[in-house]
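We will go from stop to stop, selecting a few pieces each time.

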Amino acid sequence: MRWQQGMCLDERYVPYLQMARLYHLARLNNRCFRLDEPLVSAFVERWRPETHTFHMPFGECTITLQDVAYQLGLPVDGHYVSGCLTDFHVYIEGGRPAWQRFQELLGVLPPADQIQKFAVNCTWFQETFGECPDGADEETVRRFARAYIIMLLGTQLFADKSSNRIHIRWLPFVARLEEMGGYSWRSVALAWLYRCMCQVANRHVVKLAGPLQLLQSWIFWRFPGFRPVGYDAFSWPLASRWSGYNPGVSEKGPRVQMARLRIDMLQARDEPYFAAEVVAVVHPEILRLRLLLSPKPSTIDAQSLIVPLSFVLK
């Protein structure tokens, strides 16, 4: 079981999350998420890094910006998210050391044994910022909101393979909460997922990172034959439909083989987001962009979907 919350979504954070245009993602983060590893593994085997598409029996298909919008409720318009994972600290205002800036923005410094270079232990982070004190002043609430956003980005969208550390690369962004809504979080989330799947396509890489909730929900929505039974209620964002899903704990090997066989028999499906009952729960902002971002899986031009990676690993 993979819990994505770890920290309470306090209603006092909501204005800051709305300002950053991450409120829909935060609502999704407040639910339990279980990954069906054999199913996801079988799909990732079909991923081709040279085209950024899944090679299916009916042709090629891929996850698009439209899918990220509907599944996670993230904005697409805005500035690109730029920087470098290894040298992100050079973008910190005034050239301050990274951990000094961490203390300025969050009001506390992690113990030395909870730090690994530019990452902090998840347990310490959650224990420290798990619950904002009652009667806290506005500056304290703002600090806790920054911590919540760092956790949200570091575990929900840009998780790494460690699963127990949170990188502080987001400090330059949470330092200016009023400007966070001006970034295209949807684009960088999709780019990060593409990058993670390209990495795991290497046979020497055994772990997949990234926004796996997006990947699994995309599979369920695009290919109804893989959907779990009994999850028929729609809510926003659409990935919340699978909240509480339990894929079981049977042996992975036979389940991967079964998923491979079922993928071999797949056929192209119609657009899943245009049904009236789905449109009824979709946020109006997303509906306005629907005509712009609506390629069908079987007719995708892969080159038009290659998103430049916003963070470059050295």
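**Before you click**

This is a predicted model, in which local features need pLDDT of at least 70 and side-chain atom pairs count only at pLDDT 80 or more, while totals for chains, interfaces and linings use all residues. Residues are numbered from 1 along each chain as its sequence is written, and side-chain values use heavy atoms, with hydrogens and water left out.

**Stop 1: the whole chain**

Show everything as a cartoon. The chain has 13 helices and ten strands; these are DSSP runs numbered from the N terminus, with helices (H or I) of at least four residues and strands (E) of at least two. Of its 314 residues, 51% count as buried, meaning under 20% relative accessible area, with exposed over 50% and partly exposed in between (1.4 Å probe, protein chains only). Take contacts, defined as heavy atoms within 4.5 Å: among those between residues at least 6 apart in sequence, 74% join residues at least 24 apart.

**Stop 2: the sheet β3-β4-β5**

Select β3 (47-48) and β5 (59-61), the edge strands, each of which pairs on one side only. The open sheet has three strands in the order β3-β4-β5, with antiparallel pairing; two strands pair if DSSP finds at least two bridges between them. Look for Trp-47, which stands opposite Phe-54 in β4. The hairpin of β3 and β4 has four residues between the strands, and His-52 in the turn has a positive phi of about 55°.

Move on to the other hairpin, where two residues lie between β4 and β5. Three bridges join these antiparallel strands, and His-55 has Glu-60 in β5 as its bridge partner.

**Stop 3: two crossing helices**

Select helix α4 (residues 65-72) and helix α10 (residues 212-222), whose axes come within 10 Å and cross at roughly 100°. Axes here are lines fitted to C-alpha atoms, for helices over the stretch in contact, with angles from 0 to 180 degrees between N-to-C directions. The two helices, α4 and α10, are therefore roughly perpendicular to each other, the term for 65 to 115 degrees; under 35 counts as roughly parallel, over 145 as roughly antiparallel and the rest as oblique. Show side chains for Gln-66, Asp-67, Val-68, Gln-71 and Leu-72 of α4, and for Leu-214, Ser-217, Trp-218, Trp-221 and Arg-222 of α10, which make the contact.

**Stop 4: the buried side of α5**

Which residues of helix α5 (residues 98-106) are buried? Pick out Ala-98, Trp-99, Arg-101, Phe-102, Leu-105 and Leu-106. They cover an arc of only 155° around the axis, which puts them on the same side of α5; the arc is that of the directions from the helix axis to the C-beta atoms. Around them, display β7 (115-116), β8 (119-121), α6 (122-129), α7 (138-157) and α8 (171-174), against which they pack. Just after α5, click Gly-107, which takes a positive phi of about 80°.

**Stop 5**

β8 and β9 pair over three bridges, and Ala-119 has His-167 in β9 as its bridge partner.

**Stop 6: Arg-142**

Finish in helix α7, where Arg-142 has its place. Is Arg-142 buried or exposed? At 16% relative accessibility, Arg-142 counts as buried. Leaving aside its neighbours within four places in sequence, Arg-142 is in contact with Tyr-16, Leu-177 and Glu-178.
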